[in-house]
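Hi,

Here is the structure I said I would pass on. Have a look at it first, and then read my notes below.

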Amino acid sequence: MKGLILKDLMCLRKQLTNFCFVMAGVLIASIMYVLSARFGNMAKVGQEMLNGNATQVDVRNIGSMVLVMFMLLPIASVGDMLYVFLADGKAGFGKVSATFPVPLKKRMLARFLTIYAMFGIGVAVDLLVAFLLSLLTDILNFREFFGIIISGASVMSIYSALVILFCVVFGYGKEQYAQCAALFTMMVAAVLANFDKVKYFVVEIMLHDKKMESTDLWAPLDFVREKGYVLFLIAAAVSVLAYFLSYRIADRKRGVV
């Protein structure tokens with residue numbers, strides 16, 4: 001199974017290279033941003049917003065949104081399992097995988113463990129950057145940075161687990177369909193989980209032109225920043241469910257993975 005994990009990681013070596021460049025860029029850009037927000041032009045922009053109609057909470061949350069984007073970039077670049085299936089398809093790996101002396105359960109588990117290996121790398125480096133940034137800015141403290149990183153890694157883990165599941169469902173050569181199906185499933189699940197809020201936004205704000213309250217505007221940011229553990233638990237449940245479904249489907253396909 002170790003060999004299969006190493007094989008998957010080699011398929012993702014391009015993403016690891018991109019991750020190094022993205023990480024360097026994020027580190028430089030984020031440090032420049034927090035210094036500017038404290039001493040430079042961004043601090044002046046924030047003061048001008050306060051002199052207008054913006055509140056201190058609005059200014060802080062706008063700065064938080066920028067840092068959220070910085071924190072999510074490395075995680076988003078480090079582990080898209082779609083490339084593993086594309087590489088396996090080009091190499092014809094599916095034609096020989098069923099003949100390996102490794103049980104199907106372990107072969108499937110190797111795919112999912114690859115997710116956590118990749119995101120573990122991303123989270124570890126991201127936490128180091130977050131620690132440095134928390135020393136330079138009061139926009140976010142380290143606990144809030146940690147929540148953002150866990151939220152981002154959890155969402156990407158859900159996406160990757162669903163990509164694996166749908167790649168097994170559709171088979172080699174249809175990886176793009178699997179990617180679209182994974183994104184669509186996540187969108188539908190997000191809408192259903194927040195149906196009342198989505199209904200309120202569409203009916204009251206979009207159709208009846210009701211003014212959006214500040215608490216409604218920043219609610220998603222507050223959730224990502226303060227309740228990352230919820231997304232972590234959801235990601236764990238989705239990964240376990242996706243693993244068992246993938247195994248059952250692959251078993252019916254005579255172990256072709």
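Predicted model: local features only at pLDDT ≥ 70, side-chain atom pairs only at ≥ 80, totals over all residues.

The protein chain has 257 residues, and 39% of them count as buried. As for contacts with a separation of 6 or more, 81% of those in the protein chain are between residues 24 or more positions apart.

Next, the core. The largest nonpolar core holds 48 residues, and the ones that touch the most other members are Leu67, Met71, Met108, Phe112, Leu133 and Phe145. Two or more residues come from each of these elements: helix H2 (13–39), H4, H7, helix H8 (142–170), helix H9 (175–193), helix H11 (214–226) and H12. H8 gives the largest share, with 15 residues.

Leaving aside residues up to four places away in sequence, Leu133 touches Ser30, Ile31, Val34, Leu67, Met71 and Phe145.

While you are there, look at Leu27, which sits in helix H2. Leu27 is partly exposed, as its relative accessible area is 29%. Again not counting residues up to four places away in sequence, Leu27 touches Val129 and Leu132. Leu27 and Leu128 are 101 residues apart in sequence, yet their C-alpha atoms are 9.9 Å apart in space.

Now for the rings. A search of the whole structure turns up five aromatic pairs. One of them is Phe112 with Tyr243: the ring centres are 5.7 Å apart and the planes stand at 90 degrees, so this pair is edge-to-face. The two partners come from distant parts of the chain, with Phe112 in helix H7 (residues 104–136) and Tyr243 in helix H12 (residues 228–252), 131 residues apart. Phe112 and Tyr243 are both buried. Tyr243 also pairs with Phe244, again edge-to-face, at 5.2 Å centre to centre and with 70 degrees between the planes. These ring pairs join Phe112, Tyr243 and Phe244 into a cluster.

Are Tyr243 and Phe244 buried or partly exposed? Tyr243 has a relative accessible area of 14%, so it counts as buried. Phe244 comes out at 49%, which makes it partly exposed.

Helix H4 is worth a look too. H4 has 23 residues (56–78), and at 1.5 Å a residue they should span 33 Å; the end C-alpha atoms are 35 Å apart, which agrees. Where does H4 bend? There is a bend of about 25 degrees at Leu72, and a proline, Pro74, follows within four residues.

Last, the cysteines. A disulfide is a covalent bond between the sulfur atoms of two cysteines. This structure holds zero disulfides. Two cysteines to look at are Cys167 and Cys180: Cys167 counts as buried because its relative accessibility is 4%, whereas Cys180 is exposed, with a relative accessible area of 52%.

That is what I have so far. Over to you!

Note on methods:
Residues numbered from 1 in each chain as written. Heavy atoms only, no water. Expected span 1.5 Å × (residues − 1). Bend = angle between axes of the 7 residues up to and from the residue. Phe/Tyr/Trp six-rings, centres within 6.5 Å; stacked < 30°, edge-to-face > 60°. Buried < 20%, exposed > 50% of the residue type's maximum accessible area, 1.4 Å probe, protein only. Disulfide = S-S within 2.5 Å. Core = buried A, V, L, I, M, F, W, Y, C linked by side-chain atoms within 4.5 Å. Contact = heavy atoms within 4.5 Å.
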